[in-house]
Amino acid sequence: MSARPTTDQSERPLPAQVTMGLLDLVTSQSLDQDYVAVAERRRTAGERGADAPTDRRGIGTIGLVVIALFGALVVTAGLETARSADDRATGREELISQIADRRTLVEERRARVETLRAENEELETSLIEETSAGRALTTRVARLRMATGLVRVRGSGVKVVVDDAEGADTDVERVLDADLQKLANALWAAGAEAMAINGRRVTALTAIRQAGPAITVNYQAIRRPYVVEAIGDPDTIPARFVDTRHGAEWFDLQRAVGLRFTMTPEDDLTLPAAADFRLRYATSVQVDAR
Amino acid sequence: MIAALGLLIGLLAGLLLQPEVPLWLEPYLPIAVVAALDAVFGALRAFLDGIFDDKVFVVSFTSNVLIAALIVYLGDQLGVGGQLSTGVIVVLGIRIFSNVAAIRRHLFHA
């Protein structure tokens, strides 16, 4: 659309868009200038008496069509806006419900996290307990195995060597099973923690028996001289040995019968393990490991 | 009278047919409506001024709608669609207001 100034150029050299502010211009030219220009042209033509253009002041068919188009446009825009508003509202509701759903989900998950965390802590605690209990148990088992003689043990102690009297003729002058039993008992009483006779570990199930001329330990015959190794305090065992009844008896035997007896302290003794024994009838009463 | 009839026809047609506007055209519809509104009010004012011309009306209507849509399209392509729409709305709004004021002066002689 041309924004041609309506008045004569020579009278007003500056066009309106130069002299006026933008908003003023927009306001003053709010009517399409074409209407004015066409009316002007028609008037001058009429004045000149020339063939006046056809009167187009009526709305005409095409104007009618345009007006109808305008109505349709307005209605369509309105409908479209309403529809999109509906869509938007639906989308909004959908989103809101989704948010609510997710929020509930998050709540659930959070609660689950709490539960799992508590469970985890519980398990951790129990694991630590189990571990320490297991460790204690292992220690206890190791200790018990040492005490029962099922493992090789090592430590300081004493070595006792006994033998028949020189030139022994009668059983009295020989070392008998009872004598070895007494010796073992006296050593136990003197504080021995582990013992072996001629390399055979003495345990709670050990039997020291006479079998004809030979003595058996753990049902295996041994030969003289009899070497009894006992792990314990080498400083106190000899003194305490003498104080025991069987120890005193041994000294009597040594003095009266002539049995040979020597006890020497040892710094480093290693005792073998006893053969693993299986208890077939005895069962533990105390189940709790602690 | 004829104009009112045409408007009625258009409104009815729009209501009855409910044309489906393609999605790409949707953003230009409101601005086209405002531009058309400007053309219609301008025509009404010209009619009351006694200088109405149907050819001018048709041309101004069509060009208004097309240019408004074009400006918004251009703005969308440049990433300033919102701002350009605002500019168009401001200019057209001022024109509509002053045209309506002129119409009011004609009708109420105030």
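The following legends describe close-up views of a predicted model.

View 1. Helix α4(A) covers residues 60–148, a total of 89 residues. From its first C-alpha to its last it reaches 126 Å, close to the 132 Å expected at 1.5 Å a residue. Just after this helix comes G149(A), which takes a positive phi of about 85°.

**View 2. The contact between chain A and chain B.** In this view, 34 residues of chain A are in contact with 39 residues of chain B. On the side of chain A that touches chain B, the elements giving two or more residues are α2 (22–28), α3 (33–48) and α4 of chain A. Of these, α4(A) gives the most, with 18 residues. By residue class, this side of chain A divides into 22 nonpolar, seven polar and five charged residues.

**View 3. The three-stranded sheet of chain A.** Three strands of chain A form an open sheet with antiparallel pairing, in the order β4-β5-β6. Its edge strands are β4(A), residues 208–211, and β6(A), residues 220–222, each of which pairs on one side only. From one strand to the next the twist averages 40°. Helix α5(A), residues 177–189, packs on the sheet and touches β4(A) and β5(A). The direction of α5(A) makes about 170° with that of β4(A).

**View 4. Strand pairing and the hairpin within the sheet.** The antiparallel strands β4(A) and β5(A) are joined by four bridges, and A211(A) stands opposite A214(A) in β5(A). These two strands form a hairpin with two residues between them. In the turn, G212(A) has a positive phi of about 70°. Strand β5(A), residues 214–217, is also joined to β6(A) by three bridges, and this pair runs antiparallel. Here T216(A) stands opposite A221(A) in β6(A).

**View 5. The packing of helices α2 and α3 of chain B.** Helix α2(B), residues 28–49, packs with helix α3(B), residues 54–78, at an angle of about 155°, and their axes are 8 Å apart. Because angles over 145 degrees count as roughly antiparallel, α2(B) is roughly antiparallel to α3(B). The crossing in which α2(B) passes α3(B) is right-handed. Residues of α2(B) that make the contact include Y28(B), I31(B), A35(B) and A39(B). Among those of α3(B) are F57(B), F61(B), V65(B) and Y73(B). The residues of this contact of α2(B) with α3(B) divide into 15 nonpolar, three polar and one charged.

Methods: Residues are numbered from 1 along each chain as its sequence is written. Chains are lettered from A and ligands numbered from 1 in the order in which they are written. This is a predicted model: local features need pLDDT of at least 70, side-chain atom pairs count only at pLDDT 80 or more; totals for chains, interfaces and linings use all residues. Two strands pair if DSSP finds at least two bridges between them. Axes are lines fitted to C-alpha atoms, for helices over the stretch in contact, and angles run from 0 to 180 degrees between N-to-C directions. Two residues are in contact if their C-beta atoms, placed from the backbone, lie within 7 Å. The expected span of a helix is 1.5 Å times one less than its number of residues. Ala, Val, Leu, Ile, Met, Phe, Trp, Tyr, Cys and Pro count as nonpolar, Asp, Glu, Lys and Arg as charged, and the others, Gly among them, as polar. Angles under 35 degrees count as roughly parallel, over 145 as roughly antiparallel, 65 to 115 as roughly perpendicular and the rest as oblique. A crossing is left-handed if the near helix is turned anticlockwise from the far one by less than a right angle, and right-handed if clockwise.
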